[in-house]
Amino acid sequence: MENYTQTSTDFILLGLFPPSSVGLVLFILIIPIFLMALAGNLSMVLLILLDAHLHTPMYVLLSQLSLMDLMYISTTVPKMASGFLFGDKYISFIGCGFQAFFFGTLGGSEGLILMSMAYDRYVAICCLLHYPIHMNRRVCALMILGSWALGAVNACAHTVYILRIPYCRSRAINHFFCNVSAMLTLACGDTSFQEYTVFLSTIIFLLFPFIAIVFSYGKVFLTVYHMRSREGRKKAYSTCSTHLTVVTFYIAPFAYSYLRPKSLRSPAEDKVLAVFYTVLTPMLNPVIYSLRNKEVTGALGRVTQRICSLKM
């Protein structure tokens, strides 16, 4: 590890890749994934916005998921890339605070949005007659606003704390973004209370939604199993299995990273796990939802046709 010494209040992000040929190869692999995530999620947001057929609670929630993923990858990867390419590993005190806040907000909000999407599918399949009541526009809007607000409040509490505690050791953060847990290792004094609040936040915003999602889909699969329509069963299984894939790929590494005892953690493993929920999941979400969804592909065709007709 390089030796960084400084007297300013700036932090140093040690980054994801080693400064070697191996690091360069890994960095080159990350760039197309980053570009695919940007293009895919931006396309999903615009497609759902432009096509009236997708203005339903399921797709409005999906647009929020894509928006969060778009912001997620934009919060972490550009700074990591500039640090690797140009050696600009320094990040200002305020800049680090903003990055930690946005990361925390998006991390908490996405777990709640995924739970809202599971609830939407549960009501649509298990309580179809009550769907217009339980999942109308007002309920959908409250779910979205509540997810963003709760995520922001949680992130604000953690960010204020890490910006106020004294740092008496090196300010070199062994991560590729301003991760709260990684920053706590640099602090003076006892941080056990803050580590407990991070643990509690992980349970509330990741573990609890995951349990709720599994419970919802357990009920859904039981209902689908007793369906008479083979086509209906196929469609329901496809939708639910897609969502479960996304949820598992996002929440499992995220929760494992933050719920492990401190004695079992390692910076290298934390960074690898972080790649899953900050880089790979944002890239996979639009691919999974678009390629396996006839309504999305149909909307893509309609919007493309409309754009082509405007040009002529």
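Me: What pattern does the protein follow along the sequence?

Reply: This is a predicted model, and read along the sequence it goes β-α-α-β-α-α-α-β-α-α-α-α-α. That comes to ten helices and three strands.

Me: What's the radius of gyration, and what would a compact globule have?

Reply: The protein has 21 Å. A compact globule with 312 residues would be near 20 Å, so the value agrees. Along its principal axes, the C-alpha trace spans about 65 × 50 × 30 Å.

Me: How much of the protein is buried?

Reply: Buried residues make up 48% of the 312. As for the surface, the accessible area comes to about 15800 Å², and 71% of that belongs to carbon and sulfur atoms.

Me: And contacts between residues at least 6 apart in sequence: what share joins residues at least 24 apart?

Reply: That share is 74%.

Me: Switching to charge. How many positive and negative side chains are there?

Reply: There are 23 positive and 13 negative side chains, and the centres of the two sets lie 10 Å apart.

Me: OK, residues now. Where is His158, and is it buried or exposed?

Reply: His158 is in helix α5, which covers residues 137-164. Its relative accessible area is 10%, so His158 counts as buried, the cut-off being under 20%.

Me: What does the His158 side chain pair up with?

Reply: The side chain of Ser201 makes a polar contact with that of His158, at 2.9 Å. Leaving out residues up to four places away in sequence, His158 touches Val180, Gln194, Thr197, Val198 and Ser201.

Me: Which residues does Ser181 touch?

Reply: With residues up to four places away not counted, Ser181 touches Val198, Tyr258 and Arg265. Val198 is also among the residues touched by His158. Ser181 itself lies in helix α6, residues 180-184, and is buried at 16% relative accessibility.

Me: There's another serine I had my eye on, Ser192. Which helix is that in?

Reply: Ser192 is in helix α7, which runs over residues 192-225. Ser192 is partly exposed, because its relative accessible area is 38%, between the 20% and 50% cut-offs. Its side chain makes a polar contact of 2.9 Å with the side chain of Asp190.

Me: What about Val224, buried or exposed?

Reply: Buried: the relative accessible area of Val224 is 0%. Val224 is in helix α7 too.

Me: Which residues does Val224 touch?

Reply: Not counting residues up to four places away in sequence, Val224 touches Ile125, Arg233, Ala236 and Tyr237. Take Tyr237: it sits 13 residues from Val224 in sequence, and the two are 7.5 Å apart in space, C-alpha to C-alpha.

Me: Last one, His53. Where is it found?

Reply: His53 is in the loop between α1 (21-50) and α2 (57-86). At 57% relative accessibility His53 counts as exposed, because the cut-off for that is over 50%.

Me: Which side chain makes a polar contact with the one on His53?

Reply: That's Arg302, at 3.4 Å.

Technical notes
Residues numbered from 1 in each chain as written. Predicted model: local features only at pLDDT ≥ 70, side-chain atom pairs only at ≥ 80, totals over all residues. Heavy atoms only, no water. Helix = DSSP H or I, 4+ residues; strand = E, 2+ residues; numbered from the N terminus. Rg over C-alpha atoms; globule rule 2.2 N^0.38 Å. Buried < 20%, exposed > 50% of the residue type's maximum accessible area, 1.4 Å probe, protein only. Contact = heavy atoms within 4.5 Å. Areas by Shrake-Rupley, 256 points an atom, 1.4 Å probe, with all protein chains shown as cover. Lys, Arg positive; Asp, Glu negative; His and termini not counted. Charge placed at Lys NZ, Arg CZ, Asp CG, Glu CD. Polar contact = N/O pair within 3.5 Å; in protein donor to acceptor, adjacent residues only side chain to side chain.
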